[in-house]
Amino acid sequence: MPPVDDVRPPPVPAAWLAPWFTPPARSELATGHHLRPLRAADAGLPGLPAGLDTEAVAAACVARSAFVYGAFDDEERRLLAWVTLDPGTPPHDVEVGWALTPDQVGTSLAEALLAALPDWLARSWPWTSPHVVRR
């Protein structure tokens, strides 16, 4: 057993998000589409992944424990793509997933989303080492 004066408390993990940070409410894409957080009211929209609980997604966003952003056109009648942001595992501070609805694969939206993610993460979020994967 080490001497008492050598015992140190375990390191405190850094907060995933600083208390002062406000997640972005909307981000424009080059195609005229935009990203915004999914809301409980989005339940039933065409394009949502099967089994996605929009109330739980919205609650996680409010709790700042995870985020799901949807890609929409101006009318917002259906989800076209989504981006998930979850706490990462070292050396990454955030795990970023993205996916498209089947009809958006190979479209200009797919290209715009992929091109916009690095800048959006760097300019709109406080993380420094994201891990981006396609879902």
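Mentor: Two strands pair if DSSP finds at least two bridges between them, and the elements themselves are DSSP runs numbered from the N terminus, helices being H or I runs of at least four residues and strands being E runs of at least two. This is a predicted model, in which local features need pLDDT of at least 70 and side-chain atom pairs count only at pLDDT 80 or more, while totals for chains, interfaces and linings use all residues. Residues are numbered from 1 along each chain as its sequence is written, and side-chain values use heavy atoms, with hydrogens and water left out.

Let us look at strand S5. Strands S4 and S5 form a hairpin with 6 residues between them, and S4 (residues 81–87) runs antiparallel to S5, joined to it by 7 bridges. Within this pairing, Val-83 stands opposite Trp-98 of S5.

S5 also pairs with strand S6 (residues 130–134), this time in parallel, through 5 bridges, and Val-94 has Pro-130 in S6 as its bridge partner. To get from S5 to S6 the chain passes through helix H2 (residues 108–124), making a right-handed β-α-β crossover, a term meaning that, with the strands pointing away from the viewer, the path from the first strand over the helix to the second runs clockwise.

Finally, 6 of the 7 residues of S5 (residues 94–100) are buried, so this strand is largely enclosed by the rest of the structure; here buried means under 20% relative accessible area, with exposed over 50% and partly exposed in between, using a 1.4 Å probe and protein chains only.
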